[in-house]
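Colleague: Before we look at particular side chains, could you take me through how burial and contacts are read from a model?

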Amino acid sequence: VDLTLTVKADQRFRPEDVDARLRRALFDETTGKLIPRVLGIGRNLFRSELVHWAMSVRGVDAVETLILGDGSELAGIICPHDHYLRFVNPTVEVIA
């Protein structure tokens with residue numbers, strides 16, 4: 001599944017620190033919210049969840065861009081009950 005996420009860093013934080021925390025929160029191999037083991041099999045993913053997870057990262061001020069899949073999924077991604085979502089080469093950017 002394609003993912004493009006751009007967040008704005010709070011001016012009190014260094015963007016590279018926010019980037020590291022955001023990537024860890026979403027893609028850490030054991031606890032990342034978007035890894036298959038944590039997200040689960042057959043679980044839908046809603047844009048509001050991704051926004052919530054991103055905004056929960058210390059130093060994130062706003063979500064500027066969020067594109068899931070080909071961009072046509074307005075509410076989120078529906079996952080078949082016997083599949084899991086896997087993000088390959090997600091684009092994550094933190095701007096000042």
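Modeller: Let us start with a single residue, keeping in mind that this is a predicted model. Glu 49 lies in helix α3, which spans residues 47-55.

Colleague: Is Glu 49 buried or exposed?

Modeller: The cut-off for burial is a relative accessible area under 20%. Glu 49 has a relative accessible area of 18%, and therefore counts as buried. Leaving aside its neighbours within four places in sequence, Glu 49 is in contact with Arg 43 and Asn 44.

Colleague: Where is Leu 85 found, and which residues does Leu 85 touch beyond those up to four places away in sequence?

Modeller: Leu 85 sits in the loop between β4 (76-77) and β5 (91-95), and it is buried because its relative accessibility, 6%, falls under the 20% cut-off. With residues up to four places away in sequence not counted, Leu 85 touches Val 1, Pro 36, Leu 39, Arg 43, Leu 45, Ile 77 and Cys 79. Leu 85 and Asp 2 are 83 residues apart in sequence, yet their C-alpha atoms are 9.9 Å apart in space.

Colleague: How should I read the nonpolar core, and how many residues does the largest one have?

Modeller: In soluble globular proteins, nonpolar side chains tend to be buried together. Here the largest nonpolar core has 23 residues, and those with the most contacts inside it are Leu 3, Leu 5, Leu 22, Leu 34, Leu 45 and Leu 50. Two or more residues each come from β1 (3-9), α1 (15-27), α3, β3 (60-68) and β5, with β1 giving the largest share, 4 residues. As for Leu 5, its contacts beyond four places in sequence include Leu 22, Leu 26, Ala 54 and Val 63.

How values were computed. Residues numbered from 1 in each chain as written. Predicted model: local features only at pLDDT ≥ 70, side-chain atom pairs only at ≥ 80, totals over all residues. Heavy atoms only, no water. Buried < 20%, exposed > 50% of the residue type's maximum accessible area, 1.4 Å probe, protein only. Contact = heavy atoms within 4.5 Å. Core = buried A, V, L, I, M, F, W, Y, C linked by side-chain atoms within 4.5 Å.
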